[in-house]
Amino acid sequence: MQRAPSRLFEPSQLRAALRDSFVMLSPRRMARNPVMFTCEIGAVLTTIAIVLSPGDRLYASVVSVVLWLTVLFANFAEALAEARGRAQTKSLRTARAKTRARRVRDDDAIEEVDGDALRPGDLVRVAAGETIPADGEIVRGVASIDESAITGESAPVVREAGGDRSSVTGGTRVLSDEIDVRVTAEPGGSFLDRMIALVEGAKRQKTPNELALTILLSGLTLAFLLVTVCLEPMARYFDAHLDVPTLVALLVCLIPTTIGALLAAIGIAGMDRALAAKLVAKSGRAVELAGDVDTVLLDKTGTITKGNRQATAFHPAPGVARELLLETVLAASEGDDTPEGRSIAILAGKESDAPAMSAGTVVPFSARTRLSGVDLPDGTRLRKGAIDAAERFLREAGGELPEAVRKSAHSVAERGGTPLVVVRDTRALGVVELSDVLKDGIAERFARLRRMGLRIVMVTGDNPITAAFIAKAAGVDDFIAEATPEEKLAYIEREQRDGRLVAMMGDGTNDAPALAQADLGVAMNSGTQAAKEAANMVDLESDPTKLIEVVEIGKQLLMTRGALTTFSIANDVAKYFAIVPALFVAALPELAALDVMDLGSPRSAILSALIFNALVIPALVPLALRGVQYRPVGANALLRRNLLVYGLGGVVAPFVGIKLIDLVVSLLPGF
Amino acid sequence: MTDTLLVFALLALTAALSIPVAVLLGRALDTTGDRLDAVLDRALGPRRFQDLRGYLVALFLFNATLFAVAWLVFAFQGSLPLNPDAIGGMPPDLAFHTASSFTTNTNLQHYSGEVALSYLSQILGVGWLQFTSAASGIACLAALARGLRGERHDGRLTLGDFNRDVARVVVFVLLPLSLVVALLLIVGGTPMTLEGAAVAETLEGSVQRIARGPVAAIVAIKQLGTNGGGYFGPNSTHPFENPSLFTAFVEASAILLIPMACVWLFGRMTRRPGDARVIFAAMTALFLLFSIPATQIELAPNPAVAGLDVAAGPNLEGKELRFGDAVGSFWAVATTSTSNGSVAAMHDSLQPLTGLIALGGMFLSCIYGGVGVGMINMFLYVILAVFLAGTMVGRTPEYLGRKVEAREMTLATLALLLPPLLILGGTAVFAATDLGASTTSNPGPHGFSQILYEMSSAAANNGSGFEGLGDDTVAWNLVTGLWMMLGRYLPIVLPLAIAWNLGGKRLVPETSGTLRTNTFVFGAFLVGSVLLLGALLFLPAAVLGPVAEHLRLG
């Protein structure tokens, strides 16, 4: 699978992010993030304190600079995530560049209009070499289309009127032929427009979990504000005086600035990761939801098995030489161009090196006989077909189907395969077993999904016996056999009644209701407009196994959030040990004993904690953008691991970091 | 050493006893249609199926009535019957404080029991409220559990019937257990009489009036219901309230019994016994983390006598020697962890770090905690831990199969903000002004600790005190009176609203990707979250008070 280049820091992106970090200092923008807004207010207060307080201007200035840096780092993280998103949508934007369109008027006359002037319902004509001006549905013609602008895939695809491959996307180019397209999107509301807006964060809304976390973080900020504000009057009891820069420094160190600064970036990065996997989420919520999915509905064909059935074994009848069966079947399949026929020829050719029999007359498959084969020049008739058809052929020829062959055919059917009986004139030579071939590594992928806690349901048009056999081989939890769209919808509704979140992938118009009903519907880009409208994500690569990646991206997004929140809160312990003794050491000298890190001086201690607090933001930007690695090991093991790394690590790391920074800071004159 | 082993054996015994008590609580709160129900049908009318609003309204109506009656009794006890010693009425502010204190299950006393209360006040103001306030707390826990399990009647969610819950808890659990404990106390030598004070002529010929009364009955419910309000001023250090090591063990066990049983009740009613085990283990881990150092610190000699020519031994100041070396400090942890507030040693005289541990129990208020409400408080921490741990395993968080979302987090965050607001805010104002600074009996960190302790005791509905603080002032009475109410009702209303919300949500089945809340890892994370959050919010105040004092004693 082709991936967008994932270099973390492109110089051009860094420059843009740097510029944006200053623009984002506007209070209206900052107010969206209560934690960092508090930090900015603190920075303003300290800056005022430099001028107003007669005391130590140097100290106040340094604290104020570090506070502003903290805010800027936070903005930088968000701006960088947005810049990365923009880079990914760059090619999309070129595609969105103004186009001219040939609109077909009601009287069939053609008029040239601006692409922006098109409204849903308009009919446009697009010929080879032209760019499709808007999202729509082909109503006439067939064309090959270059969709590389949105999918990155250079091979052209064929789109035609009617059926499940009729939708076209604005910005893609027609390579051959001419089509009429019925416009379905409002100007500015096209698929591309929505995709660009989402990735670039212009329309970013907080997802439900992000909102809940923001509330918790705001609550913590409020609590620490209370702790800090109460400290001043408490200090008065001891005749101690705390100045504004110190109190603000304490507050900013305590409030969860790390996660507050990175929260937005984590969310945007999640969408970016989805886009890198060629998945376009219609909202950030869809990505978050993906992590919660309990049940996935997967189509059998193309997802679990390799396309069509293939020959997997030959079963000669008793007394028939294997070589004879292979020879016959090879000859009988000569003119058979169906995938099954080809697979028989390939398998038989592999096993036998018998020279091809002299070419005879090909008897193609017909609905009446339901047999296909070859009539050799000497009059020998070779046939292969389903058991009942073969039996009729034999009877008409005066032969009979041996009991052993019938048994062998039945046992193939019981295994979920399709038996083809091979006949040479009046003799049944044996059975060819056609069966579904599982995709390589599919069982391992399913095991991975199951460890993630997902239920996998296979959807197939096969009969229940065949379906059960494949389901068992692939290791899925359940299957829907002889599935109709109504049945799929009913299954989804049943799962949802039990409280499960269902994800499914689909492409056809008849999938639309199920896609809409599913909590997470992923439509293939090659699918119909109706399917794409009903889904909450579109897979540009139209890869049916993509659901697995969707779920992992969702989980990764949530985990990154949780891990960094825990890290951020755990950091506070060390900061307390640095700052609290420093605050009161003048009034209560005995508190020096709490300075377990043996920091240079009270001021150096406060400043070091503050600098650590600021530096940890850019240090964690790569983690926020890449995401915490997800391992499908079950919730308990994941929790244990993340607690160890981000909880315990979060307690220990700042002790080391603050001490190191202090060693440098205490070298400065005045600290 | 033997004393230490004995008290921890007592802890184990109480934990074992809490399991059958939980069965009793379950019978009281989770069965219908028994004979008591038939009696209550006649007395209270048919069973109601209250929604969140209805349940809370019933709670407030009931508690407001209790408060009003108590205030009237305290203020006018001088002219009411059952007053053989002719004790006068309380001033209005003290009556307000005292009524608030007993209605909220706090039992913070700004008066001295035996000389300030008539028998009617002791029975109607104190004893009656000790039953009903405890039952109110347990009823609310039952409502919480019903909310979480999504209890429905006729298809509509319900939290139960508050008045019936209270009545059933009193009849099924509190009365029988109190009877057993009171009998044990009487056997141990505690007085039980309605006669006036005993009058004795001393050897010097002067006349001594020895206060007494229905002590055993009141002490029994005082301990069982995490009330803690003493019959006598010195509480359970008084030889009539707590005559011997035997009664000390009975009472210490009674302090922990129902708070422990409430955890099992939560597990029974939510049908999650595994979760209850993990919560119980987490609480016990916290309790041991507090009580083991506390007993050891108090066994070390007082640093003030270090180097002096006296025998080195345990810190004996403020201890009752008839209970041995370990009971006083163990009791101090038990009584502050559970919001009981009765004392068997003077907390003011504890070593500073033991004082800090006692403060810690009140800051957290969830180590077993008050009857009913302790488990409700722990539920808030569980929600918080679930939210963090849930996202860390890559799912939007869920608890007991229901999604924890923005609304629940708003309520939980508000509830978690309340203790620092009351404790730190109150302490800041009182420490910085003469309201508090002039009432302390010590300068420096210890005086600060006295203020901090009083605020914490009120906010956590504990009721113990760092005696020595001159707390019977109008300011102290009004502020702590109000703090007790806020500290009582908001931490009931907010969690019940969370449970109500959760109960209405669709139940999500568990998969291997679901965060399990009945595992060791989650228990450890819960303990960590409780400690971390408590430390972060209260560390600066703790450093200024007990820690500074400890370092100063050096």
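User: How are residues classed as nonpolar, polar or charged in this predicted model, and what classes make up the lining of the second largest pocket?
Analyst: Ala, Val, Leu, Ile, Met, Phe, Trp, Tyr, Cys and Pro count as nonpolar; Asp, Glu, Lys and Arg count as charged; the others, Gly among them, count as polar. The model is a predicted one. Sorted by class, the lining of the second largest pocket has 21 nonpolar, six polar and one charged residues.

User: Which residues lie closest to the centre of the second largest pocket?
Analyst: The second largest pocket holds about 670 Å³ of space. Its lining consists of 28 residues, and those closest to the centre are Leu643(A), Phe525(B), Gly528(B), Ser529(B) and Leu532(B).

User: Which element gives the largest share of the lining of the second largest pocket?
Analyst: Elements of chain A that give two or more residues to this lining are α7 (208–237), α20 (546–570) and α23 (635–665). On chain B, the elements that do so are α13 (373–392), α14 (406–432) and α18 (520–553). The largest share, 10 residues, comes from α18(B).

User: What is the volume of the largest cavity?
Analyst: The count comes to nine cavities of 30 Å³ or more. For the largest cavity, the volume is about 350 Å³.

User: Which element gives the largest share of the lining of the largest cavity?
Analyst: This cavity is lined by 27 residues, with Leu364(B), Ser365(B), Asn377(B), Pro419(B) and Pro491(B) nearest its centre. Two or more lining residues come from each of α12 (352–364), α13, α14, α17 (474–503) and α18 of chain B. By class, the lining divides into 19 nonpolar, seven polar and one charged. The largest share, six residues, is given by α14(B).

User: How many charged residues are in the lining of the second largest cavity?
Analyst: The second largest cavity has a volume of about 240 Å³. Of its 20 lining residues, Arg32(A), Asn33(A), Glu78(A), Gly260(A) and Ala264(A) lie nearest the centre. Alongside 10 nonpolar and four polar residues, the number of charged residues in this lining is six.

User: Which element contributes the largest share of the lining of the second largest cavity?
Analyst: The elements giving two or more residues to this lining are α2 (27–30), α3 (34–52), α4 (57–96), α7 and α9 (257–276) of chain A. The largest share, four residues, comes from α9(A).

User: Is Met24(A) buried or exposed?
Analyst: Met24(A) is found in the loop between α1 (11–23) and α2 of chain A. Leaving out residues up to four places away in sequence, Met24(A) touches Arg29(A), Met30(A), Asn75(A), Glu78(A) and Ala79(A). Because its relative accessibility is 5% and the cut-off is under 20%, Met24(A) counts as buried.

User: What distance separates the C-alpha atoms of Met24(A) and Thr545(A)?
Analyst: Along the chain, Met24(A) and Thr545(A) are 521 residues apart. Their C-alpha atoms are separated by 40 Å.

User: What is the relative accessible area of Cys366(B)?
Analyst: Cys366(B) is also in no disulfide, the nearest cysteine sulfur being that of Cys262(B), 14 Å away. Cys366(B) is buried, and its relative accessible area is 0%.

Note on methods
Residues are numbered from 1 along each chain as its sequence is written. Chains are lettered from A and ligands numbered from 1 in the order in which they are written. This is a predicted model: local features need pLDDT of at least 70, side-chain atom pairs count only at pLDDT 80 or more; totals for chains, interfaces and linings use all residues. Side-chain values use heavy atoms; hydrogens and water are left out. A disulfide is a pair of cysteine sulfur atoms within 2.5 Å. Buried means under 20% relative accessible area, exposed over 50%, partly exposed in between (1.4 Å probe, protein chains only). On a 1 Å grid over the protein atoms alone, a cavity is a set of points where a 1.4 Å probe fits but cannot get out, and a pocket is an open set with protein on both sides within 12 Å along at least five of seven lines; lining residues have an atom within 4 Å of a point. Grid points are joined across faces, edges and corners, and a volume is the space filled by probe spheres set on the points. Contact means heavy atoms within 4.5 Å.
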